Amino acid sequence: MTAQPFLTHDVCALEPETEKREGEERGKVRILVIEDDIEAATYVVKGLRESGHIVDHAGDGEEGVTLALSGTYDVMVVDRMLPKRDGLSVVEALRENADATPVLFLSALGEVDDRVKGLRAGGDDYLTKPFAFAELLARIEVLARRANPDSVQTKLSVGDLELDLLTRKVQRAGQDIDLQPREFRLLEYLMKHSGQVVTRTMLLENVWEYHFDPQTNVIDVHISRLRSKIDKNFGEPLLHTIRGAGYSLRAAD
């Protein structure tokens, strides 16, 4: 399903996270999003932060260059059409200043010539709007991993449950668990937020890429299937239903 811009203007979602960096655990990607469309920016920033990454936002090209040159980022997401300074100019300025941070262009300009211009200006990847958030996230993590293989967490574990993002292998207590693609994404999201309460809205937006409630039991069905695979025939259950709130994946105390 193609993701649509997040429709709620959440100002807090765009507040900088630079001050939170000290002491952050490894595995989080530091991302600068340079996007002037507030709805698109809110959607991207919110999704990336919920995926466990550290995100700053700039609303125009000049601010983007200033932030980029004053901070240390693993990946930058840059819109082509920006006020004050367009995206191509932004990336050219960074490259002229010997900033080799990987850049993903995110733009409604999707013709071959547009993509070629973006790559020749110094971009490393190009994704056209509208886009699926899962693809955006995957491309960002690939760029970060390519630049610094240790910057992206590729293995997740909760108790004796292990998930490998590269091989797509899941094991509990050393026993292989076969998951369907959607079940894998669901488990990945739960594991990245282990110990936290994950709401139905969070799952709909980040696993199914719905930005509305489809009024179906799709989450309940997949949670039930996932629980039967990762908890049945094992010791202490890991996947818990929090009545009236959502779900939580956590190891036994």
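The largest nonpolar core of this predicted model holds 30 residues, and L161, L187, L203 and L249 have the most contacts inside it. A nonpolar core here is a set of buried Ala, Val, Leu, Ile, Met, Phe, Trp, Tyr and Cys residues joined through side-chain atoms within 4.5 Å, where buried means under 20% relative accessible area with a 1.4 Å probe, protein chains only. Residues are numbered from 1 along each chain as its sequence is written. As the model is predicted, local features need pLDDT of at least 70 and side-chain atom pairs count only at pLDDT 80 or more, while totals for chains, interfaces and linings use all residues; side-chain values use heavy atoms, leaving out hydrogens and water.

- The biggest share, 6 residues, is from α6.
- Leaving aside residues up to four places away in sequence, L203 touches L186, Y189, V198, W208, I219 and Y247 (contact means heavy atoms within 4.5 Å).
- A second, separate core has 20 residues, including I31, V55, V75 and L104.

**Helices α2 and α3**
- The axes of α2 (residues 61-70) and α3 (residues 87-96) come within 9 Å and cross at roughly 25°; axes are lines fitted to C-alpha atoms over the stretch in contact, with angles from 0 to 180 degrees between N-to-C directions.
- The two helices are therefore roughly parallel to each other, a term for angles under 35 degrees.
- On the α2 side G61, V65, A68 and L69 take part, meeting V90, A93 and L94 of α3.

Terms used: Helix = DSSP H or I, 4+ residues; strand = E, 2+ residues; numbered from the N terminus. Parallel < 35°, antiparallel > 145°, perpendicular 65-115°, else oblique. Buried < 20%, exposed > 50% of the residue type's maximum accessible area, 1.4 Å probe, protein only.
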